[in-house]
Amino acid sequence: MKKKIVLLALCMTIGTIFTGCAAPEPEDSPSENTDNENSGDKDTDSQDSDSENSDGESSDKDAKDFKVALMIPGSLGDKSFFDASYEAVGLLEEEYGMDVDYVECGTDSSKYYPAYVDLCEGEYDLILTVSSNGDDALTQIAEEYPDQKFINLDGEMDEIPSNVYIIAPKNNEMSYLAGAVAALKAQELKEDTIGFIGGMDIPGINEFLVGYIEGAQQIMPDIKVQSSYVGSFQDTAKGKENGLLLYNSGISIVFTAAGQSGIGVLDAAVQSKKYAIGVDSDQAAALKDSQPEMAEIVITSAIKNIPQNALNIVQKAMDGDVNYGAKEYYGLKEGAVGLADNEFYQSLMSQEDRDQIEELKEKVIQGKLTLTDTIGLTTDELTKIRDSVRP
């Protein structure tokens with residue numbers, strides 16, 4: 001109980017659930033609940049081959065006795081990225097019957113390290129986190145607690161401690177499909193320009209942009225893409241302002257990769273009576289009960305299947321089969337990313353268009369379409385791509 005009180009003081013919330021891309025590929029495929037594809041065989045190359053079997057002992061505990069905690073270096077309520085990570089808590093409890101602690105630390109990075117300290121002192125078998133927001137704290141704490149195991153469910157860290165494992169989703173693959181959706185809708189509306197709004201002008205967000213551009217060009221080679229950045233992942237007012245600027249310019253479809261700021265973009269779409277494509281989680285599904293008018297303008301969402309990825313990697317951790325010290329990339333082939341296929345998508349996109357998206361997805365999975373490797377893309381390379389499609 002003392003641990004929980006300290007964590008509550010340090011961060012915003014703690015809860016316990018009692019019932020409920022040239023890169024190495026993961027060894028086993030996580031399944032996905034947004035697509036119907038099963039993964040094929042794949043090879044794995046560790047960034048640190050010496051860590052392949054280090055500390056890989058299987059746990060002799062039952063799943064319900066395997067202690068897991070999730071450190072969220074952000075704020076819940078975004079109907080997107082961090083909410084998707086929190087869904088892992090309930091899924092782990094439901095599937096494995098385990099108790100999962102979680103701590104929500106908000107945007108104040110000074111709270112991340114002390115939260116990690118408390119969790120490490122809590123004798124957890126595994127500490128999960130998400131995003132690169134807390135990388136500095138994670139690197140420090142991993143060194144100070146070398147016997148503690150950590151898994152980042154969605155990270156970008158390059159110098160990875162030997163007791164840390166990084167899942168890196170292929171953002172460009174799901175964004176490629178989102179771009180194709182946007183271009184097909186633009187064709188239907190007899191338009192030749194679509195929009196993109198990112199949270200910040202940083203490499204991780206520009207992976208979405210590059211994939212989005214390439215997917216749109218697959219449908220309309222001469223399409224234009226107007227991009228802008230909010231400068232924050234938490235500023236819904238600025239997100240709405242950016243959205244209105246694009247919609248008022250004549251653009252009807254905007255893909256938002258901006259976290260909570262993206263809710264402002266969706267609000268701008270409602271006000272403008274136009275369309276948006278969501279990100280990270282099925283945003284239409286998350287909004288349809290509380291804000292149905294907002295859900296109705298979300299054509300689809302480019303999804304990172306964080307909850308299912310968590311379920312699979314925790315099972316591997318219990319089996320002693322996690323390649324600590326490595327970062328591995330998960331994409332469409334592994335079922336780790338995809339598009340939301342819901343009633344809104346089926347209503348707003350024709351069967352013919354949806355079939356075309358499915359065909360493109362299959363081509364990516366089978367390696368018949370080669371996407372730009374966005375990992376390590378230079379500023380000059382990004383600028384060239386972005387400028388080439390400006391209206």
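A salt bridge is taken here as a side-chain nitrogen of Lys or Arg within 4 Å of a carboxyl oxygen of Asp or Glu. By this criterion the count comes to ten salt bridges in a model that is predicted. Residues are numbered from 1 along each chain as its sequence is written, and side-chain values use heavy atoms, with hydrogens and water left out. Because the model is predicted, local features need pLDDT of at least 70 and side-chain atom pairs count only at pLDDT 80 or more, whereas totals for chains, interfaces and linings use all residues.

The protein has 14 helices and 13 strands, assigned as DSSP runs numbered from the N terminus (helices: H or I, at least four residues; strands: E, at least two). Of its 391 residues, 57% count as buried; buried denotes under 20% relative accessible area, exposed over 50%, and partly exposed the range in between (1.4 Å probe, protein chains only).

Side chains of opposite charge can pair when their charged atoms come close. One of the salt bridges joins Asp267 and Lys240, with an N to O distance of 3.2 Å. This pair links distant parts of the chain, as Asp267 belongs to helix H8 (residues 261–272) and Lys240 to helix H7 (residues 236–248), 27 residues apart. Asp267 is partly exposed at 28% relative accessibility, and Lys240 is partly exposed at 22%.

A further salt bridge is formed by Asp280 and Lys304, whose closest N and O atoms are 3.9 Å apart. Asp280 lies in strand E10 (residues 275–280) and Lys304 in strand E11 (residues 298–304), so the pair ties together parts that are 24 residues apart in sequence. Asp280 is buried, with a relative accessibility of 7%, and Lys304 is likewise buried at 7%.

In the salt bridge between Glu358 and Lys361, the closest N and O atoms are 3.3 Å apart. The two residues are three places apart in helix H13 (residues 351–365) and are therefore separated by about one helical turn. An α-helix has 3.6 residues a turn, so residues three or four places apart point the same way. Glu358 is partly exposed, with a relative accessible area of 36%, whereas Lys361 is buried at 4%. Elsewhere, salt bridges that share partners join Asp154, Asp280 and Lys304 into one network.

Asp280 also takes part in a polar contact of 3.4 Å between its side chain and that of Ser80. A polar contact is a pair of N or O atoms within 3.5 Å; within protein, one must be able to donate a hydrogen and the other to accept it, and residues adjacent in sequence count only if both atoms are side-chain atoms. Ser80 is situated in the loop between strand E2 (68–72) and helix H2 (81–96) and is buried, with a relative accessible area of 0%. Leaving aside residues up to four places away in sequence, Ser80 touches Gly259, Val279, Asp280, Ser281 and Gln283, contact meaning heavy atoms within 4.5 Å.

Tyr176, in helix H5 (residues 171–188), is buried with a relative accessible area of 2%. The side chain of Tyr176 makes a polar contact of 3.0 Å with the side chain of Gln218. Beyond four places in sequence, the residues touched by Tyr176 include Gly211, Tyr212, Leu360 and Val364. Tyr176 and Gln217 are 41 residues apart in sequence, with a C-alpha to C-alpha distance of 9.4 Å.

In helix H3 (residues 112–121), the buried residues include Tyr112, Ala115, Tyr116 and Leu119. Just after H3, Glu123 adopts a positive phi of about 60°.

The largest pocket has a volume of about 970 Å³. Its lining comprises 45 residues, of which Glu156, Ile202, Pro203, Gly204 and Ile205 lie nearest the centre. The elements that give two or more residues to this lining are H2, strand E6 (164–169), helix H6 (203–219), E10, strand E12 (327–330) and helix H14 (379–388). H6 supplies the largest share, six residues. On a 1 Å grid over the protein atoms alone, a pocket is an open set of points where a 1.4 Å probe fits, with protein on both sides within 12 Å along at least five of seven lines; lining residues have an atom within 4 Å of a point. Grid points are joined across faces, edges and corners, and a volume is the space filled by probe spheres set on the points.
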